[in-house]
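This report describes a two-chain model, beginning with the contact between the chains and then turning to the fold of one of them.

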Amino acid sequence: MFKRLDNPAQNSVNVTINGQPVQVPEGETVAAAVLVHGLPYTRTTPVSGAPRAPFCLMGVCFECLMVIDGIANQRACMVQVREGMRIECQQGVGELLS
Amino acid sequence: MKQHYQLAVIGAGPAGLAAATVAAEQGIEVAVFDGQVAPGGQIYRAMESIPQHRGSQLGDEYQRGRELVSAFRASSAKYFPETQVWSLNGRREIGLLLQGQAHTVTADQVVICSGAIERPVPFPGWTLPGVMNAGAGQILFKAHGIVPDDGVVLAGSGPLLLLLAWQYLHAGVSVKALLDVTPMINHLYALPRLPRALLAGHYLTKGMQYKRDLKRAGISTLHNVRSLRAQGKDALQSVSFLHRGREQNLETAVLLVHFGVIPHTQLGRVAGCRHVWDESQLCWRPQLDEWGRTSVAGILVAGDGGGIGGARSAEHAGRLAALQALYALGTLDRATRQRLARNDRKWMREESHIRPFLEAFFRIADDMLQVADDDTLVCRCEEVSAGQIRAAVADGHRDSNQVKFLTRCGMGPCQGRQCAEAVSHIVADASGKALQDIGHYRQRPPVNPLTLGQLAGLHSEKTE
Ligand SMILES: Cc1cc2nc3c(=O)[nH]c(=O)nc-3n(C[C@H](O)[C@@H](O)[C@H](O)COP(=O)(O)OP(=O)(O)OC[C@H]3O[C@@H](n4cnc5c(N)ncnc54)[C@H](O)[C@@H]3O)c2cc1C
Ligand code: FES
């Protein structure tokens, strides 16, 4: 769906996306990384279970909620990738009050 | 961190940067809180880190941000990036979340420079993965050099859609089609506003140049497009629409939509500032005086967050708000405030000439604003459809808050950011009431999510 224009010559970090190891340029947001990775969706809705993906990328739609390092309901577009980060799709409400 | 500042500026876009720089020059203690990793706001996003070639692909308006950002960096204003403001109240207590920790600070004066969001316009299929805002496409491009694979479709209305198409063209991204949903009839309504717009003719010239460049590059632009629909099972597969009375279908994995921008009003509303319906811009905005003062003492709003005026206007409004804050703090006397404001007032007036024309020209068709299709989800979070909202109105619920409690529309994580305007339109249309009387959702803190752990940390910080 999306691609990087420049070869990411800058430093990269190692993360996992749904368990799969991936190298991502430093400074990228989690949402950007999963879009380039081609993840078909980032969460399912609590009501009907429909798949959703990032919509606004500026923190206002809350469609990009993911489980990051075990903590649910993180806006993937507002979080930068870090070495060793575990990124997972969120099913339904996630754990609400982690 | 320090508990109190003389001036707190929320947002580091053109409005916030200009406000903070002017205030800091006068020697007062200024703090700037912004959710992004670097200064620039929406228009000048990633200004300091962008590779040069990509900066030039973004056009000359983008380059202008450099001066603003470097003056801000050189100032004594204390800058807090990656800092989410989650609450603000009439006592000017500001709730912050930085590095996973919640804090509160107070300020004598607060200028909210929270900018705009893209107008959410629900249409069939808009919740499918693969459908995104055009602004989201632009953020990926500016901040990360990421673009859609070939064959992206752009749809909607407004200058930003055209700008993105032009920026993609310069970056070598192939755009399959640009679907312009602007109703033809708008030309007629915009015409009387054209003479005034000509006073700011450079904007019109630029728009026409973008159009020419797109045409020359062979990008297919279809005008007067109607019945836009995104299709696919679990993700976008195609876009269908009506053009010249014929139904058409385009296969694509990415559809970027844009229907103009509206003020991001969450913080002003949670602080209790009075908001009014703007019939020309079709949005809620805070009621402001000529300095940006809201109905709440010591809280001002500047930039697109106070009503859409564009990036240049935001800069001037930021300076005017700062001058007022300095006056309220006793740093400037009345005469100095007036004198220093003169230039910015003049330029703000110049900038305002183009707006009424743009607002009429790019006005979204009523049937789109009112979400004619009953099955379309209006509330993305709680999955409430236009039909359910209309049913609530038929049951006698005639304002936004009643509809919210009955249907849960606006109760999800986005707190109504994505549905408030559409609900206002639907309820007004179905009930025959004026938009101003439909009201806006009541807003409660936190406007950005906090975990219980973060709140508990805040408590212990206070009792230490
Ligand atoms: C996605 C998008 C892209 C745009 N691109 C362009 C463009 O390329 N060219 C153009 O002319 N206009 C563009 N605009 C219009 C834009 O609004 C400009 O007119 C200009 O950026 C407005 O300046 P501002 O200072 O009012 O707000 P902005 O530049 O939007 O800055 C607001 C800042 O406040 C921060 N903020 C908001 N709420 C909070 C909070 N609760 N806590 C912490 N920080 C917060 C935001 O992160 C942002 O950095 C764009 C608008 C959007 C929504
Ligand atoms: S994509 Fe909208 S909040 Fe992250």
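## Interface and fold of chain B

Four salt bridges are counted between chain B and chain A, a salt bridge being a side-chain nitrogen of Lys or Arg within 4 Å of a carboxyl oxygen of Asp or Glu. The model is predicted, so that local features need pLDDT of at least 70 and side-chain atom pairs count only at pLDDT 80 or more, whereas totals for chains, interfaces and linings use all residues. Residues are numbered from 1 along each chain as its sequence is written, chains are lettered from A and ligands numbered from 1 in the order in which they are written, and side-chain values use heavy atoms, with hydrogens and water left out.

One salt bridge joins the side chains of Glu63(A) and Arg380(B), with an N to O distance of 2.6 Å.

On the side of chain B that touches chain A, the elements giving two or more residues are α2 (52-57), β7 (116-118), β8 (131-133), α5 (134-144) and β9 (146-148). Helices (H or I, at least four residues) and strands (E, at least two) are DSSP runs, numbered from the N terminus. The largest share, five residues, comes from α5(B). By residue class, this side divides into 24 nonpolar, 12 polar and nine charged residues; Ala, Val, Leu, Ile, Met, Phe, Trp, Tyr, Cys and Pro count as nonpolar, Asp, Glu, Lys and Arg as charged, and the others, Gly among them, as polar.

The two chains bury about 3500 Å² between them, 61% of it on carbon and sulfur atoms. Buried area is the accessible area (1.4 Å probe) that two parts lose on being put together, summed over both. In chain B, His144(B), Arg380(B) and Glu383(B) lose the most area to chain A, together 15% of what that side buries.

| Strands | Sense | Bridges | Opposite residues |
|---|---|---|---|
| β1(A), β9(B) | antiparallel | three | Lys3(A), Val147(B) |
| β13(B), β14(B) | antiparallel | four | Arg226(B), Leu242(B) |
| β11(B), β12(B) | parallel | two | Leu179(B), Leu222(B) |

β13(B) and β14(B) form a hairpin with six residues between them, and Gly232(B) in the turn has a positive phi of about 155°. An open sheet of chain B has five strands in the order β8-β16-β10-β11-β12, with parallel pairing. Its edges are β8(B) and β12(B), each with a single partner strand, so one side of each is left without a neighbour in the sheet.

Chain B as a whole contains 19 helices and 22 strands. Its radius of gyration, taken over C-alpha atoms with a globule rule of 2.2 Å times the number of residues to the power 0.38, is 22 Å, close to the 23 Å that the rule gives for 464 residues, so chain B is as compact as a globular protein of that length.

Two loops hold backbone features. A cis peptide bond with omega of about -5° joins Pro445(B) and Pro446(B), and Pro446(B) lies in the loop between α18(B) and α19(B). Gln99(B), a residue other than glycine, has a positive phi near 50° and is found in the loop between β5(B) and β6(B).

Methods
Pairing = 2+ DSSP bridges.
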